[in-house]
Amino acid sequence: MRASPPPEPLDAEQRAELEAGRHEALAASLREQRPALAAWILEQVWAFDGATSAWLDAGRPVDALRTALESRDPEALEQS
């Protein structure tokens, strides 16, 4: 299955961060201003708990529910 595209464009610096494996650091730096992009980044490395929270911050409850289900964490399901 092919990965979904990011919800917003990534600039060259952000793509370089991902290529270097700094997903969580990049997501943290984007979380406040671009939560949907932060959630997408976290999802790429299966950090579903963080992704669920970021999707909720982005106002995307369906995506939050999807990642909560992936996390298999009952608390994450309650959040979403």
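Student: Where is alanine 12 found?
Tutor: Alanine 12 is found in helix H1, residues 12–19. Helices here are DSSP runs of H or I with at least four residues, strands are runs of E with at least two, and both are numbered from the N terminus.

Student: What kind of model is this, and how are residues numbered?
Tutor: It is a predicted model, where local features need pLDDT of at least 70, side-chain atom pairs count only at pLDDT 80 or more, and totals for chains, interfaces and linings use all residues. Residues are numbered from 1 along each chain as its sequence is written, and side-chain values use heavy atoms, with hydrogens and water left out.

Student: Back to alanine 12. Buried or exposed?
Tutor: Exposed, with a relative accessible area of 52%. Buried means under 20% relative accessible area, exposed means over 50%, and partly exposed lies in between (1.4 Å probe, protein chains only).

Student: How many Å lie between alanine 12 and glycine 59?
Tutor: They are 26 Å apart in space, C-alpha to C-alpha. Along the sequence, 47 residues separate alanine 12 from glycine 59.

Student: What about alanine 20? Where is that?
Tutor: Alanine 20 is in the loop between H1 and H2. It is partly exposed, at 43% relative accessible area. Its C-alpha is 16 Å from that of glutamate 43, which is 23 residues away along the chain.

Student: New topic. How many helices and strands are there?
Tutor: The protein chain has six helices and zero strands. From the N terminus, the order is α-α-α-α-α-α.

Student: Why do residues a few places apart point the same way?
Tutor: An α-helix has 3.6 residues a turn, so residues three or four places apart point the same way.

Student: Moving on. Where does tryptophan 46 sit?
Tutor: In the loop between helix H3 (35–44) and helix H4 (48–57). Tryptophan 46 is exposed, at 68% relative accessibility.

Student: What is its phi?
Tutor: Phi of tryptophan 46 is near 60°, a positive value in a residue other than glycine. Most residues other than glycine have a negative phi.

Student: Which residues are buried in H4?
Tutor: Phe48, Ala51, Thr52, Ala54 and Trp55.

Student: And in H5?
Tutor: H5 covers residues 61–71, and its buried residues are Asp63, Ala64, Thr67, Ala68 and Ser71. Their arc around the axis is only 140°, which puts them on the same side of H5. The face turned away from that side carries the exposed Val62 and Leu69.

Student: What comes just after H5?
Tutor: Arginine 72, with a positive phi of about 60°.

Student: Last topic, the whole chain. What radius of gyration does it have?
Tutor: It has 12 Å, and a compact globule of 80 residues would be near 12 Å, so the two agree. The radius is taken over C-alpha atoms, and the globule rule is 2.2 Å times the number of residues to the power 0.38. The C-alpha atoms fill a box of roughly 35 × 25 × 20 Å along the principal axes.

Student: What share of the chain is buried?
Tutor: Of the 80 residues, 35% count as buried. Among contacts between residues at least 6 apart in sequence, 31% join residues at least 24 apart.

Note on methods:
The arc is that of the directions from the helix axis to the C-beta atoms. Contact means heavy atoms within 4.5 Å.
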